[in-house]
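The following paragraphs go through a two-chain structure, element by element. Please keep the sequence and the model at hand while reading.

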Amino acid sequence: MRLLAEILAWALFALVVGALSVWPRYEMLERDDALVTLTFTHAAQRVGECRNLTQEEMNELPPNMRRPSDCPRERHPVRIEMRSADRLLYGEILLPSGIWSDGKANIYHRVVVPAGVHDLFIGMNDSGGLSGFDFEASRRVELHPGRNLVIRFDEQSQSFLIR
Amino acid sequence: MIEHLHRLGRSAFELLRRPLARAFDSDQNPLNQLGALTIFFSWIVLVSGVWLLIFFRTSVSAAFESVEYLTHEQWYLGGVMRSLHRYASDALIITILLHVIKEFVFDRYRLNRWFNWVTGIPLVWMIFALGITGYWLVWDELAQYVAISTAELLDALPIFTNSMAGNFMSDELLSNRFFTLMAFIHLIGLPIFLVFGIWLHVFRLNGPRINPPRRLMAGALLCMLLLSAIYPAISHEKANLAMAPQVLRFDWFYLHVYPLVQLWSPGSVWVLLIGISTVLTLAPWAPPARKTTVAVVDLDNCNGCKRCADDCPFGAIEMVPRTDGTNYTHQPSVDEGLCISCGICVGACPTATPFRSRSALVPGIDLPNQTAADIRDDITRNAEAPSDAPRVMVFGCRDDRQTKILRSAGANVVTVRCMAHLQPSYLDFVLSRNHADGVMLLGCENGNCNYRFGPEWTEARVTRQRDPRLRKRTDTARIAMGWLAPWADIANPTKRLDAFRDALSKMDAKT
């Protein structure tokens, strides 16, 4: 009888372990949804123009620190906007990284959208303007359920990649 | 507030203990071996993990195939090992959780036990990190979900300049080296820290229980093997970064936090996790338990026999060179930070004998708040005059509920700090001086003693297997020992006492 109880206790333990290791199932994305992921890092333009130093100014600098131009370190924030037709999917102003605000702005954002055809628009302003975009891209995409569409900004071609 | 929580937790434990007590003897009861059982499950994880490692390939493209090979082609061994690896990892989360709750509700985390409590918290973090990186390595849809969600969590910390989650946006961008790094963390890095962490967790204990009893190990292994055979662990579809995982067979033991990353935000999840860890870390001092007076050494009565140091469950007594100029080489030194005033050292001291009459009863080591002389006084005060009915003197552990119930039922009870606080010569004293016809020792069962070794040392001393041994002239038939969980709720508290009285009556009738 005691052995039976012992077996029963272990069986119950196994049941709990086995059950909670797979159940209840977790639905990360509903069956008719897809995902649009926006991810890239981008260094915005500097807040001011570089200025060429005069010869006198250069002479005043220590020899190892002489440089032809003086550029401000701080960069503009990066303004991002992503739309599907007229619906705003994501809009954000991202600050540059670093304590001097001179680093790249990081973006990683996921948006759940209904599967189907979307007229996607993505725009980025990195020059401090409050309206308009320095870079933009539009594409009609068909998103199947469960599709993860990734939008990146390619620094080499200076354009958005949607794939 | 804390005491209320403790009481509530004890009642919940009783609900779990009752059915388990029907299935297991006290020393085999999984509830009494939670720490050791956790280590045993870790052994299963380690051994099965070594087998998996032999066949596992640490690259993005080959990892999934190598796990599939183990699961399906080599199902008879690799598949079983994979399932064992998975289920033993899950099982140890249950034992850890119960272990933490038990130590909390029985107030075994304050005073000198803060160190074991606090060092246990990083262990929990490491175990979770091991589980999470383990899921990552399979590189199926669940691994993809875990990898991206973990990266999102880490991105919320001001550590990385670039987004880590951005690495998981396409199969082409994913680096094999990154994958190898994860494999290194899971297979070598974390296990090394874990072993060191376990050592740190228990090194202040005297004789820590590392292995559970063999029968319990066999039961646990068989349980895991059967589960692996009946319901083998399998993978999801291979990870595909162009697709988002939709419905996942979720391991709630390890991944329960991840849905919160989506529901709230990574930052909020960190606040929750760090908040819980901080509260747990500070728990031993919120509020601190009342410090009791520690054991005191009396060199005039100490011959440096070392038994107190051997029996101290918390390693609070160290033998140091003698300072009083006598011929004895060593003397005990009590570390006030480690002593918990259980009195087990007094029970181990050969000089703590109540038969002393020429000099005052001052043993080599004693507890100031309940001295050996106090116990002798309690015995003589509680002694009953001979009568027709057998007289039983009950010695009860202070923390034992049976003792309280019996006392309130009118039994003749003498309370000590822990049952092993009572040196065996006291039993001889009670019987030979005719203070009672029988002695009943009631304490907490093995594995549930607040002072770890109370029942073990007492049984060994009374059965004359450990010093100081019970004198041979003492009739052990007149000594009854009863060990129960300290929170056990006994429906009829006097039943056991009555049964012992009946046994004594029969014994007296024969003589």
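Two strands pair if DSSP finds at least two bridges between them. Helices (H or I, at least four residues) and strands (E, at least two) are DSSP runs, numbered from the N terminus. This is a predicted model, in which local features need pLDDT of at least 70 and side-chain atom pairs count only at pLDDT 80 or more, while totals for chains, interfaces and linings use all residues. Residues are numbered from 1 along each chain as its sequence is written, and chains are lettered from A and ligands numbered from 1 in the order in which they are written.

Chain A comes first. Strand 2 of chain A (residues 33-42) runs antiparallel to strand 7 of chain A (residues 105-114), and ten bridges join them. Within this pair, A:Thr41 stands opposite A:Asn106 of strand 7. Strand 2 of chain A also pairs with strand 10 of chain A (residues 148-154), in the parallel sense and over four bridges; here A:Leu35 stands opposite A:Asn148. A residue is buried if 20 or more other C-beta atoms, placed from the backbone, lie within 10 Å of its own; it is exposed if there are 12 or fewer, and partly exposed in between. Nine of the ten residues of strand 2 of chain A are buried, so this strand is largely enclosed by the rest of the structure.

The two chains meet through contacts (C-beta atoms, placed from the backbone, within 7 Å). On this count, 37 residues of chain B are in contact with 33 residues of chain A. Among the elements of chain B that give two or more residues to this side are helix 1 (2-23), helix 6 (141-155) and helix 8 (214-230), and helix 4 of chain B gives the most, with five residues. The side of chain B that touches chain A has 24 nonpolar, seven polar and six charged residues. Nonpolar here means Ala, Val, Leu, Ile, Met, Phe, Trp, Tyr, Cys and Pro; Asp, Glu, Lys and Arg are charged, and the others, Gly among them, are polar.

A nonpolar core is a set of buried Ala, Val, Leu, Ile, Met, Phe, Trp, Tyr and Cys residues joined through C-beta atoms within 7 Å. The largest has 84 residues, and B:Phe41, B:Ala88, B:Ala143, B:Val146 and B:Met224 have the most contacts inside it. Helix 4 of chain B (residues 75-105) gives the most to this core, with nine residues. A second, separate core of 60 residues includes B:Cys302, B:Ala309, B:Tyr426 and B:Leu442.

Chain B also holds an open sheet of four strands, in the order 7-6-8-9 and with parallel pairing. Strand 7 (413-416) and strand 9 (479-484) of chain B stand at the edges with a single partner strand each, so one side of each is left without a neighbour in the sheet. Strand 8 of chain B (residues 438-444) pairs with strand 9 of chain B over six bridges, and the bridge partner of B:Val439 is B:Ile479.

Finally, B:Leu367 of chain B lies in the loop between strand 5 (365-366) and helix 14 (372-382). B:Leu367 counts as buried because it has 24 C-beta neighbours inside 10 Å.
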